[in-house]
Amino acid sequence: MIVCFCLQVCKRKCSEVHRCTPCKQPRCAFAAPDGGLEHDGTGGEEAGSNSETGHCHLPLCPVPSSSSSSSASASLPADGCCGLGLQMDSPHSSDSSPCCLNHYDDSQARSSDAVDHLSINHLPSSILLKVLSHLTVKERCLCASLVCKYWRDLCLDFQFWKQIDLSGLQQVNDDLLVKIASRRQNVTEINISDCRGVHDHGVSSLASRCPGLQKYTAYRCKQLGDISLSALASHCPLLVKVHVGNQDKLTDASLKKLGTHCSELRDIHLGQCYGITDEGMVALVKGCPKLQRLYLQENKMVTDQSVQAVAEHCPELQFVGFMGCPVTSQGVIHLTALHNLSVLDLRHISELNNETVMEVVRKCRKLSSLNLCLNWSIDDRCVEIIAKEGRSLKELYLVSCKITDHALIAIGQYSTTIETVDAGWCKDITDQGATQIAQSSKSLRYLGLMRCDKVNEETVERLVVQYPHIVFSTVMQDCKRTLERAYQMGWSPNTSNSS
């Protein structure tokens, strides 16, 4: 709402001014090598300062006429919005511009006094920066930066280019990363997930120019490999987070680099990186003893050897996931040494027995979330011990486990902390189990019953009324909640049909 109001005020203001000589504003420029500010060389005359308020009069935004569209385009940076190469979809169409490139009728014009009173550019730059901070990178580059030269400079302020989220933007390529790196050496966080135009060269260039990079995220960038991750490890020793899930080309070579150079690493995600093995994992954890979060998923060459190394060399681990990895109970039992463990994901572990799970729950007293989905070996006895021993446990996921009503009844009877239970696709759950856990549990806030076909929808409807503090998840209940949210957001069947 605030941003929309700001844009509209600037539009109204621009509609009344033919042309003015902009004053030179305090630039949100790039840091020069000598510590000063680097300007873009497009300054104007000095602004008159207001002795009472301490603010200078800011420039008004000229509206390009339809006959001078070329001059309007010339006022924009040659290499795209914000000077970083993100191009507008229709750069020569003034009608499609979301900013102040539209004409207004003379009847809408206000008096000059009213316009001056409404001038958003008279606000302190700190307030405008706060307003612009609510926009995404794409909105700042393709919308806000086109309002006027002053706003373009605000959009280039360093605070917007320390944490950069470019995920899903198909315009992003190696050249753009090089430009960002050349202008913004203080980048600390970047997300290029799903950016198919970025390759090892671009990421390597970014790494070499941004030694202060701390967080790197690149999910589903299958075109990237060891070259880029090794460059990040070599040039960015302050890395604390590396999420590179779904990168088939990664091998043990890049993990060894991380273990050698990035001792501050605390959070790593390597799910579906099928080329890594125990050799790379062992080298990684030995060199990164401060790891707190480690997530693997379907890494088919990671075995119990890696689990043992993780438990021995990373005592600060709090979040551990080995979903679908070929580990067994012999490896998982080593996790009992992790006394700070709070989240454990053991989904789809082929050789996981009840005794190992119960021992982990007994020894890891801070465990708050346990995911055992897709483990057919987990039965009612195991869940009963979990309910009794898991004194800090708040979330328990049991989708497609071998449990019955007795497991739900035990949770309601013995646990005073569990808030979330998901028993979806457990075919032996009936109305009795769903009713008794709702009645007896004082802490339950969510009960997942998706595709528990022996639980009648009439029973769920009754429980929803009797226990409004509990969210019951079934196909019907989820559909109802989705429809209610749509109505709250203004949707109606009539408007849908008319559109």
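Which residues of helix 17 (residues 431-440) are buried? Select the helix in this predicted model and colour by accessibility: Asp431, Gly433, Ala434, Thr435, Ile437 and Ala438 are buried. An α-helix has 3.6 residues a turn, so residues three or four places apart point the same way. Next, show what lies around the helix. The buried residues of helix 17 pack against helix 16 (405-414), strand 13 (420-422), strand 14 (446-448), helix 18 (457-466) and strand 15 (471-473).

**The whole chain**

Zoom out and show the protein chain as a cartoon. It has 20 helices and 15 strands. Of its 499 residues, 48% are buried. Among contacts with a separation of 6 or more, 74% join residues 24 or more positions apart. The chain exposes about 23,800 Å², and carbon and sulfur atoms supply 52% of that area.

**The largest nonpolar core**

Now select Trp151, Leu166, Ile192, Tyr216, Leu270 and Leu370. These residues have the most contacts inside the largest nonpolar core, which has 122 residues. Helix 15 (residues 380-389) gives the most to this core, with five residues. Domain 1 (125-161) and domain 2 (353-488) each supply at least three residues to the core.

Beyond its neighbours within four places in sequence, Leu270 is in contact with Val244, Leu255, Ile276, Met281, Leu284, Tyr295, Leu296 and Asn299.

**Aromatic pairs**

From that list, centre on Tyr295. The model has two aromatic pairs. In one of them, the ring centres of Tyr295 and Phe319 are 6.3 Å apart and the planes are at 55°, so the pair is tilted. Tyr295 belongs to strand 8 (residues 293-297) and Phe319 to strand 9 (residues 319-323), so the pair ties together parts that are 24 residues apart in sequence. Both Tyr295 and Phe319 are buried.

Arg293 lies over the face of Phe319, at 4.1 Å from the ring centre.

Move on to Tyr487 and Trp491. Their ring centres are 5.5 Å apart and their planes are at 45°, so this pair is also tilted. Tyr487 has 42% relative accessibility and counts as partly exposed. Trp491 is partly exposed too, with a relative accessible area of 34%.

**A last stop**

Select Lys388 and Tyr414. The charged end of Lys388 sits over the ring of Tyr414, 4.6 Å from its centre.

How values were computed
Residues numbered from 1 in each chain as written. Predicted model: local features only at pLDDT ≥ 70, side-chain atom pairs only at ≥ 80, totals over all residues. Heavy atoms only, no water. Core = buried A, V, L, I, M, F, W, Y, C linked by side-chain atoms within 4.5 Å. Buried < 20%, exposed > 50% of the residue type's maximum accessible area, 1.4 Å probe, protein only. Helix = DSSP H or I, 4+ residues; strand = E, 2+ residues; numbered from the N terminus. Domains from an automatic or database assignment. Contact = heavy atoms within 4.5 Å. Phe/Tyr/Trp six-rings, centres within 6.5 Å; stacked < 30°, edge-to-face > 60°. Lys NZ or Arg CZ within 6 Å of the ring centre and 35° of its normal. Areas by Shrake-Rupley, 256 points an atom, 1.4 Å probe, with all protein chains shown as cover.
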